[in-house]
Amino acid sequence: MTFSRRFLELDVFASAPLKGNPLAVVVDAEGLSEGQMQELARWTNFSETTFLLPPTDPAADYRVRIWTPNGELPFAGHPTLGSAHAWLSSGGQPKQPGQVVQECGIGLVHLRQGVDGRLAFNAPPLRRAGPVDDATRAQVAASLPGARLLDVVWVDNGPGWLGVRLATAAEVLALKPDFKAMHGLKVGVIGPQAPGADTAFEVRAFVPALGIPEDPVTGSLQAGLARWMIGAGLAPDRYVTAQGAALGRAGRVQIERDGDRIWIGGAVLPLVEGRLRL
């Protein structure tokens with residue numbers, strides 16, 4: 001029997017078409033095995049491919065499974081925004097107007113929809129925070145040769161991110177990582193832009209462990225960095241980051257603190273729509 005479902009390719013955190021992070025979404029993925037999900041994620045070769053399913057939690061609007069070319073993730077940011085957009089555009093009706101509740105590997109993730117239709121998700125709490133041990137810091141230093149590391153901390157909200165702070169955005173962009181030394185680490189690097197720039201920080205994300213040397217624009221990392229940076233007084237309550245310049249992209253991520261919630265938002269642009277047949 002042929003499996004045929006709606007299939008979308010979206011550009012997430014995009015400042016213009018082809019400038020964000022691509023995401024493939026299979027709508028109504030019931031009937032696909034885990035092996036087929038993994039195989040399709042390898043075939044698309046995007047950093048993530050997602051599969052929308054009915055929720056198992058009555059509080060959720062839908063459930064999503066998130067796959068990289070090398071395995072499944074419990075949570076990821078740009079797949080959260082893109083999956084919510086795909087679910088809504090496919091006729092999904094949230095239980096509460098203007099709010100979407102996603103079920104994924106870390107539990108429930110709440111999203112809000114602005115008056116302009118733009119989505120933002122509430123940054124999940126950190127599973128692991130604080131400075132790393134000496135051995136991990138030494139491995140990070142070896143992975144980023146020549147970098148002046150101001151901070152190396154855990155900003156792990158599911159995928160296992162490390163946050164590294166540098167003095168300037170120029171230093172972030174100049175990095176030439178040693179992926180062999182990085183090995184199993186997932187390293188996010190942030191540095192402040194020069195005065196007068198249209199964004200506050202430059203961010204880069206290195207994830208060779210997932211078969212992605214550098215991710216173009218990374219919502220889970222941005223969420224972890226925001227929880228750390230805002231909480232430590234290193235960033236204001238509202239700012240915009242740039243990510244992807246080293247890859248020829250121009251991703252833009254909007255961060256806003258509202259009480260005890262930190263919202264991570266950005267544009268989602270649908271670029272491809274069709275049917276998946278397996």
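Partly exposed means a relative accessible area between the buried limit, under 20%, and the exposed limit, over 50%. The legends below use these words for residues of a predicted model.

**View 1. A salt bridge between Arg65 and Glu34.** The closest N and O atoms of Arg65 and Glu34 are 2.6 Å apart. Arg65 belongs to strand 4 (residues 62-68) and Glu34 to helix 1 (residues 34-44), so this pair ties together parts that lie 31 residues apart in sequence. Is Arg65 buried or exposed? Arg65 has a relative accessible area of 16%, and it is buried because that value is under 20%. Glu34, with 47%, is partly exposed.

**View 2. A salt bridge between Arg252 and Asp198.** Here the closest N and O atoms are 3.9 Å apart. Arg252 sits in strand 16 (residues 251-258), while Asp198 is in the loop between strand 12 (186-192) and strand 13 (201-207), so the pair ties together parts 54 residues apart in sequence. Arg252 is partly exposed at 27% relative accessibility. Asp198 is exposed, with a relative accessibility of 63%.

**View 3. A salt bridge between Glu256 and Arg238.** The N to O distance in this pair is 2.9 Å. Glu256 is in strand 16 and Arg238 in strand 15 (residues 238-243), and the pair links distant parts of the chain, 18 residues apart. Glu256 is partly exposed, its relative accessible area being 23%. Arg238 has 60% relative accessibility and counts as exposed.

**View 4. A network made of Glu34, Arg65 and Glu72.** Which residues do salt bridges with shared partners join into one network? They are Glu34, Arg65 and Glu72. In general, side chains of opposite charge can pair when their charged atoms come close. The count for the model comes to 13 salt bridges.

View 5. Gln222 is buried, with 2% relative accessibility.

Terms used: Residues are numbered from 1 along each chain as its sequence is written. This is a predicted model: local features need pLDDT of at least 70, side-chain atom pairs count only at pLDDT 80 or more; totals for chains, interfaces and linings use all residues. Side-chain values use heavy atoms; hydrogens and water are left out. A salt bridge is a side-chain nitrogen of Lys or Arg within 4 Å of a carboxyl oxygen of Asp or Glu. Helices (H or I, at least four residues) and strands (E, at least two) are DSSP runs, numbered from the N terminus. Buried means under 20% relative accessible area, exposed over 50%, partly exposed in between (1.4 Å probe, protein chains only).
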